[in-house]
Amino acid sequence: MRLVPRALAVACGLALISAAAAFADTGYPNKLVNTYPAASYAGEQHLHFKFGPIHVNPGPNTVSVAPIKADGLPSVPGYITSFTPNLTDLDETVPGVDVVHLHHGVWLVDGAPQAAVGEEKTIVDMPRGFGEHYDPGQTWVMVHMIHDLLPNPTDVYITYDMTFVPDTEPAAADIKPVHTLWLDVAGFRAYPVFDAKSSYGHKGRYTFPDMARTATARQAIGPAHEYVVPHDMTLVYTAGHVHPGGLWTDLDVTRDGRTVRLFRSRAHYYEPAGAVSWDVSMTATKPDWRVQLKKGDVLNVSGTYDTKRASWYEVMAIMPTAVYDGTDAGGADPFVTPPDTTGILTHGRLPENSVHGGKRSGLPDARDMLNGRPVEGPIQITNFLYGRGDLNAGGRIPTVRRGHSLTFLNKDDARTIWHTITACKAPCNKTTGIAYPIADGKAGFDSGELGTGPVGFWPVSGKVSWKTPKNLKLGTYTYFCRVHPFMRGAFRVVR
Ligand SMILES: [Cu+2]
């Protein structure tokens, strides 16, 4: 069982933290099985590294930056031809994605992002004849955001497996060096995210940045969504990164006013509920995909999200692309021969994505609760509970008069614990999992991550309090915390 002990939360207050530790994940087998036709070389090595242990405090999903030491890297120069990242417990089993997940990890090499992973856990395989060249003189830095979804601390490793061909192997002579071009709709920033709200887009599809209309939506557009090709070059590989709700990323090129699609990296959801969770695998370009570009061509990346079912906050659309700085590696001019825009899934279904949630729980249906008195003063969020508004509090539902707003105050920020108040469809009282709850409340409100710290680097809003919109109609509103989806609350707008 991997349930958050809801009853304990009320009964024991702070004891919740130690009590929940008893429910910590026991770990799934590491079954990140490559489904992509990987190239192999005589003399290749299979290197396994782990970064950490990393102590993860419950509450925040901070961005951390730390150097990768020599024992986390090959000892000799050579080519990295495949890269398989994961997040594991200390015993190197894999925690449930509903318990703790690697929101993203980026390996910076000499200051530039080379490899990256999100919770979709894409395995990167360079096509035959290409590799990222490694040299022990390089400076490697790990940037990561690990998200603990429970109120108990945990310790994890970021692991990465490399297929590595040392320069001293004869096979290395046939490998051409590639480097990573970072195409990111909201980059370059420490936290390159945008919102895909249910009110955005057309017929429940929102393509960013193309369909970003409002000033707020457009603010999230980053310069890295475009790239002007500085000299003739060949693209040899790409795969996209999206969050739950994401459907695909597109890579296009424009020359003389004409635009051609180079690749669409599709999110294939194993998730039974559809495009709502991390139970997903992305497609990568096929091994024979090669695109020859000319100086002055403009690459463009976009991401498309499903906004019919829910709003998606702080999401990403990134296409790290492997570039060979030459034109002697095959491939064709995409304006003459359109490239194959279909791809191959990089892995199958992962056992750590098995807790979907959405089952009956002991929480009440807020719509049946009796009115409490209008709330005076803010609703105080403490110790992962929405105070009087928490569905665990039982009794009466806090009320607010129409035309007024209810104020929430995150007292947990003092312990660097951030929370959101995010509308979800009533009753919003089912069990927590990777597919439940989601931000599907009609009212569509979201407080942002209530917390203080370096805004723009950490995902905090910089505020600890938030007011509900004044224009809410009469009725019962249910909400959850995007950081800790087991947290649920409700209030009612009354006459
Ligand atoms: Cu929270």
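The questions and answers below concern a predicted model.

Me: How far apart do the C-alpha centres of domain 1 and domain 2 lie?
Reply: The domain assignment gives domain 1 as 6-353 and domain 2 as 366-494. Between the C-alpha centres of domain 1 and domain 2, the separation is 31 Å.

Me: How many residues of domain 2 are in contact with domain 1?
Reply: The contact involves 36 residues on the domain 1 side. On the domain 2 side, the number is 27.

Me: Which elements give two or more residues to the side of domain 1 that touches domain 2, and how many of the residues on that side are charged?
Reply: Helix H1 (6-12) and strand E21 (312-315) are the elements that give two or more residues to the side of domain 1 that touches domain 2. The residues of that side include 18 nonpolar and ten polar ones. The charged residues there number eight.

Me: Which residues have the most contacts inside the largest nonpolar core, and where does this core lie?
Reply: The largest nonpolar core has 122 residues, and Leu183 and Ala196 have the most contacts inside it. Domain 1 (6-353) and domain 2 (366-494) both give residues to this core, so the core lies between them.

Me: Which residues is Leu183 in contact with, leaving aside neighbours within four places in sequence?
Reply: With those neighbours left aside, the contacts of Leu183 include Ala224, His225, Tyr227 and Leu251. The contacts of Leu183 also include Leu299, Val301, Ile318, Met319 and Thr321.

Me: Is Val56 buried or exposed?
Reply: Val56 is in strand E1 (residues 45-56). A residue needs 20 or more C-beta neighbours within 10 Å to be called buried. Val56 has 22 C-beta neighbours inside 10 Å, and therefore counts as buried.

Me: What is the C-alpha to C-alpha distance from Val56 to His147?
Reply: Not counting residues up to four places away in sequence, Val56 touches several residues, including Val100, Ile146, Asp148 and Pro153. Val56 and His147 are 91 residues apart in sequence, and their C-alpha to C-alpha distance is 7.9 Å.

Me: Why does Gly330 count as partly exposed?
Reply: Gly330 is in the loop between strand E22 (317-324) and strand E23 (343-345). The partly exposed class lies between the exposed limit of 12 or fewer neighbours and the buried limit of 20 or more. Gly330 counts as partly exposed because its number of C-beta neighbours inside 10 Å is 13.

Me: Which residue in the turn between E16 and E17 has a positive phi?
Reply: Strand E16 (residues 246-255) and strand E17 (residues 258-269) run antiparallel and are joined by eight bridges. E16 and E17 form a hairpin with two residues between them, and the turn residue with a positive phi, about 50°, is Asp256.

Me: What is the bridge partner of His268 in E18?
Reply: E17 and strand E18 (residues 280-285) run antiparallel, with three bridges joining them. In E18, His268 has as its bridge partner Ser281.

Me: Which strands stand at the edges of the open sheet of five strands, and what is the average twist?
Reply: The strand order is E24-E26-E31-E30-E28, with mixed pairing. Strand E24 (371-374) and strand E28 (422-424) stand at the edges; each has a single partner strand, so one side of each is left without a neighbour in the sheet. From one strand to the next, the twist averages 45°.

Me: What is the bridge partner of Tyr477 in E31?
Reply: Strand E30 (residues 475-480) and strand E31 (residues 488-494) run antiparallel and are joined by six bridges. The partner of Tyr477 in E31 is Phe491.

Note on methods. Residues are numbered from 1 along each chain as its sequence is written. This is a predicted model: local features need pLDDT of at least 70, side-chain atom pairs count only at pLDDT 80 or more; totals for chains, interfaces and linings use all residues. Helices (H or I, at least four residues) and strands (E, at least two) are DSSP runs, numbered from the N terminus. Domain bounds come from an automatic or database domain assignment. Two residues are in contact if their C-beta atoms, placed from the backbone, lie within 7 Å. Ala, Val, Leu, Ile, Met, Phe, Trp, Tyr, Cys and Pro count as nonpolar, Asp, Glu, Lys and Arg as charged, and the others, Gly among them, as polar. Two strands pair if DSSP finds at least two bridges between them. Axes are lines fitted to C-alpha atoms, for helices over the stretch in contact, and angles run from 0 to 180 degrees between N-to-C directions. A nonpolar core is a set of buried Ala, Val, Leu, Ile, Met, Phe, Trp, Tyr and Cys residues joined through C-beta atoms within 7 Å.
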